[in-house]
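User: Please take a close look at one part of this model. I would like a connected account of a helix and the sheet beside it.

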Amino acid sequence: MSIKDWYANQTPREQAIVACTAVVGICAAGYLFVVEPLVNGTAARQASINAQNRDLAWMKQQESLYAGASSPDSGSRQPITEAPYLLLDKAIRAKQISAPERVTPNGSEGAKAQFEKVEFDKLLEVLGGLDATYGLSVTTINVSKKSEGLVNTRFTLEVGQ
């Protein structure tokens with residue numbers, strides 16, 4: 001027995017109840033699977049965009065710290081007498097930044113570092129100072145904001161980039 005046969009065997013009152021139930025079910029499913037995800041998805045995307053715009057504005061505001069620290073006089077660069085990862089370690093200690101999770105050599109003329117919850121302003125001063133003093137430039141960097149002023153970051157420094 002098919003659904004069509006079953007429906008035909010019902011009384012007109014039962015057919016009306018089944019039809020109304022089907023219409024309500026189709027409308028509810030349409031709302032739950034089409035309208036609700038669109039509305040919630042749009043709101044979530046808008047919130048994400050707003051957060052990214054706030055982060056971008058904050059980073060642009062902080063850009064001046066790095067730009068000011070990395071405008072070296074080319075004649076004032078010192079020769080590199082130590083491994084770059086040691087220079088990075090000394091600069092970190094001088095600025096009293098929390099110790100990095102990892103600092104490793106990256107070949108003979110570079111270093112890789114990973115920080116968790118480091119002060120963004122002080123980190124920029126360190127990186128700018130290394131660039132100005134020794135010509136150690138950031139070649140790659142990945143930064144994620146943890147809280148106001150604190151970031152997690154991984155970066156690579158190389159000589160003369």
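Analyst: Strand 1 and strand 2 (residues 110-119) pair in the antiparallel sense, over four bridges. Among the paired residues, Arg102 has Gln114 in strand 2 as its bridge partner. Note that this is a predicted model.

Four strands build an open sheet, ordered 1-2-4-3, with antiparallel pairing. Strand 1 (102-105) and strand 3 (136-147) are the edge strands, each pairing on one side only. On average, neighbouring strands are turned by 10 degrees against each other, direction ignored.

Now the helix. Helix 3 (residues 84-94) lies across strand 1, strand 2, strand 3 and strand 4 (150-159). Helix 3 runs at about 25 degrees to strand 2. Its buried residues are Pro84, Leu87, Leu88, Ala91 and Ile92. Seen down the helix axis, these fall within an arc of 135 degrees, so they line one face of helix 3. They pack against strand 1, strand 2, strand 3 and strand 4, and also against helix 4 (120-134). The face turned away from the buried side carries the exposed residues Arg93 and Ala94. Just after helix 3, Gln96 takes a positive phi of about 55 degrees.

Ser137 lies in strand 3. Ser137 has 10% relative accessibility; the cut-off for buried is under 20%, so Ser137 counts as buried. The Ser137 side chain makes a polar contact with the side chain of Asp131, at 3.2 Å.

Technical notes
Residues numbered from 1 in each chain as written. Predicted model: local features only at pLDDT ≥ 70, side-chain atom pairs only at ≥ 80, totals over all residues. Heavy atoms only, no water. Pairing = 2+ DSSP bridges. Helix = DSSP H or I, 4+ residues; strand = E, 2+ residues; numbered from the N terminus. Axes fitted to C-alpha atoms, helices over the stretch in contact; angles between N-to-C directions. Contact = heavy atoms within 4.5 Å. Buried < 20%, exposed > 50% of the residue type's maximum accessible area, 1.4 Å probe, protein only. Polar contact = N/O pair within 3.5 Å; in protein donor to acceptor, adjacent residues only side chain to side chain. Arc of directions from axis to C-beta.
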